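Hi,

Here is the structure I promised to pass on.

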Amino acid sequence: MTEPSSGALGLRETGRERGRAAAAVWAGPGSGFSVEELPLPELSPGEVLVRIELATICGSDLHTINGDRPTPLPTVLGHEAVGFVEAVGGTVTGADGRPVKPGQRVTWTIGTSCGACRRCRRGVPQKCEGVRKYGHEAITGHWRFNGGFASYCHLVEGTGLVVVPDSLPAGVVAPANCATATVVCAARRAELTAGDAVVVIGCGMLGLTAVAYARDLGAEHVIACDVDAGRRELAREFGADVTCSPETLVPAVEQAGADVVFELSGNDRAVQSAVDIVGLDGRVALVGSVSPGPRVSFEPNTFVRNLTRVVGSHNYAVADLAEAVDFLGRTPRQELFAALVPDSYPLSEIDAAVAAARTGAAPRIAVRAD
């Protein structure tokens, strides 16, 4: 595999020869980030050390930084990332069943799974009883590089790994292990199939991905709904047949139908709209409601007679991540996905990167190693 140049991707080893590397340590809203050189780990069996190529700032990172989402401290935030395998502890197998080797370009699941607990055995490894999530855990003596905003990421045992083709731009693939894989899992849980009429509510990173993925799976008709006109215009470029504001969603659906509704904004009024508009034998995938909010209501008789199904979808399995990477490799809209991550900042400018992400001018802002 050809190594990227440091000029192209901002990769320069920081203290690697001294056994140390840089990480943006988050100490809470009152203390902020400090870029520190921390000792690199001695890998235990089943672990992998990855040199970060690029990491993107997710909305959940911003919630944590803003103090709206508690997390153990201190920590290294960031879970959307892609990088190169630096070292492997023993034998580690990727999603393709092959041993992971140094030099491979990889992405990884947002959390670990043991494969043995009841939840894992039931097919929801993302809810493993012993899950540890990247960008959401406190630094420990052994697990310091536990997030993507660093020069390296220390992947512990139970992490799913997917090899990434060299042809995929870093900005396209970095969000795969959050936004893209989440959409793939939601589509699977909603049993989205070719010929479905699909409604996507909320056209941020998740929503635009859902539009493109529905098209990829052969959806017959795709409606995209958002309060923002600019996002609606983007949704049309990503494959939506019709775009509308929340005020005009009902007439849009009356014309095309709604076999599958993806609610990706988390807004309670949008959730109410999703359950109100779904059609006969329809499926609603609730994805955006990741924080407590107001209750919504439904009329049970209508749900019963219409054979309605509502599924919650949160995170994903490694097979979903593998499909996400495959999708990003085959989609004809790859350039559009690349444009969703227009800017990257060196790790030393993490505060500037966060400030740019807070403006909402782009779906994702990226961070790269100095």
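**The sheet and its cores**

Six strands make up an open, parallel sheet, ordered 11-10-9-12-13-14 (strands are DSSP E runs of at least two residues, helices H or I runs of at least four, both numbered from the N terminus; two strands pair if DSSP finds at least two bridges between them). Strand 11 (242-244) and strand 14 (309-312) are at the edges with a single partner strand each, so one side of each has no neighbour in the sheet.

A word on the source: this is a predicted model, where local features need pLDDT of at least 70 and side-chain atom pairs pLDDT 80 or more, while totals for chains, interfaces and linings use all residues. Residues are numbered from 1 along each chain as its sequence is written, and side-chain values use heavy atoms, without hydrogens and water.

Strand 9 (residues 197-201) pairs with strand 12 (residues 260-263) in the parallel sense over four bridges. Within that pairing, isoleucine 201 has glutamate 263 of strand 12 as its bridge partner.

The largest nonpolar core has 53 residues, with Val198, Phe262 and Phe337 making the most contacts inside it. (Such a core is a set of buried Ala, Val, Leu, Ile, Met, Phe, Trp, Tyr and Cys residues joined through side-chain atoms within 4.5 Å; buried means under 20% relative accessible area with a 1.4 Å probe, protein chains only.) Strand 9, strand 12 and helix 5 (179-189) are among the elements that each supply at least two of its residues. Apart from this core lies another of 44 residues, including Val76 and Val367.

Best wishes

Notes. Buried < 20%, exposed > 50% of the residue type's maximum accessible area, 1.4 Å probe, protein only.
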